Amino acid sequence: MAGIGPITQDWEPVVIKKKAPNAATKKDEKVVNAARRAAHAGTNKAASSSTSLNTRKLDEDTENLAHDRVPSELKKAIVQARNDKKLTQSQLAQLINEKPQVIQEYESGKAIPNQQILTKLERALGVKLRGKK
């Protein structure tokens, strides 16, 4: 190795920039729906298991751009059953292994109905929440 000069390295920073989307791309329906899906990526696993089905329905449906929400009868039934068992929202959430926000969303009517979560609620509360009573 004799006779080779000193070894030098180039430590100049390299900056890579991504082009900002133009106005036409921002208004594209598929791009908007993808952004909506990304915004809901932080939900719990059980609630997000049917997300792809719901988002596909939204993509295919061009007139009605809203998910189904928890009906008022179901909201009232959950609150009534939880109060009868003398449970708080966080205690009920712990019983069904969900986040307290999930119970809060169901009781306020903001949640998208999920059959798995409804089944857990029925078992924990000992009441029938779906179908004929």
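## Salt bridges

In this predicted model, the count comes to 3 salt bridges, a salt bridge being a side-chain nitrogen of Lys or Arg within 4 Å of a carboxyl oxygen of Asp or Glu. Side chains of opposite charge can pair when their charged atoms come close. The pairs are set out below.

| Arg 82 | Glu 107 | 2.6 Å |

The salt bridge between Glu 107 and Arg 82 links distant parts of the chain, with Glu 107 in helix H7 and Arg 82 in helix H5, 25 residues apart. Glu 107 and Arg 82 are both buried, where buried means under 20% relative accessible area, exposed means over 50%, and partly exposed lies in between (1.4 Å probe, protein chains only).

Glu 98 is buried, because its relative accessible area is 10%.

## Basis of the model

Residues are numbered from 1 along each chain as its sequence is written, and side-chain values use heavy atoms, with hydrogens and water left out. Because this is a predicted model, local features need pLDDT of at least 70 and side-chain atom pairs count only at pLDDT 80 or more, whereas totals for chains, interfaces and linings use all residues.

The term pLDDT denotes the predictor's confidence in each residue, from 0 to 100. The chain has a mean pLDDT of 80, and 75% of its residues reach 70 or more. Among the elements of the chain, H6 has the highest mean pLDDT (94), and helix H3 (residues 45–48) has the lowest (52).

## Overall architecture

The chain contains 8 helices and 0 strands; helices (H or I, at least four residues) and strands (E, at least two) are DSSP runs, numbered from the N terminus. Of the 133 residues in the chain, 23% are buried. The accessible surface of the chain comes to about 10,600 Å², and carbon and sulfur atoms account for 54% of this surface. Accessible areas come from the Shrake-Rupley method with a 1.4 Å probe, and for residues only the protein chains shown count as cover.

Contact means heavy atoms within 4.5 Å. Among the contacts in the chain with a separation of 6 or more, 57% are between residues 24 or more positions apart.

## Packing of H5 and H7

Two packed helices are described by the angle between their axes and the distance between the axes. H5 and H7 pack at an angle of about 125°, and their axes are 7 Å apart. Axes are lines fitted to C-alpha atoms, for helices over the stretch in contact, and angles run from 0 to 180 degrees between N-to-C directions. H5 and H7 are therefore oblique to each other, since angles under 35 degrees count as roughly parallel, over 145 as roughly antiparallel, 65 to 115 as roughly perpendicular and the rest as oblique. Lys 75, Ile 78, Val 79 and Arg 82 of H5 make the contact with Tyr 106, Glu 107 and Ser 108 of H7.

## Two buried residues

Ile 78 lies in helix H5. Its relative accessible area is 1%, so Ile 78 is buried. Leaving aside neighbours within four places in sequence, Ile 78 is in contact with Tyr 106, Glu 107, Leu 121, Leu 125 and Leu 129. The C-alpha atoms of Ile 78 and Tyr 106 are separated by 8.0 Å, although the two residues are 28 residues apart along the chain.

Leu 92 lies in helix H6. Leu 92 counts as buried because its relative accessibility is 0%. Not counting residues up to four places away in sequence, Leu 92 touches Arg 82, Leu 87, Ile 103, Leu 121, Ala 124 and Leu 125. The C-alpha atoms of Leu 92 and Arg 82, which are 10 residues apart along the chain, are separated by 7.5 Å.

## Positive phi in two loops

Lys 86 is not a glycine, yet it has a positive phi of about 55°. Lys 86 is found in the loop between helix H5 (72–84) and helix H6 (89–95), and counts as exposed because its relative accessibility is 72%. Asn 97, which is not a glycine either, has a positive phi of about 60°. Asn 97 lies in the loop between H6 and helix H7 (100–108), and counts as exposed because its relative accessibility is 66%.
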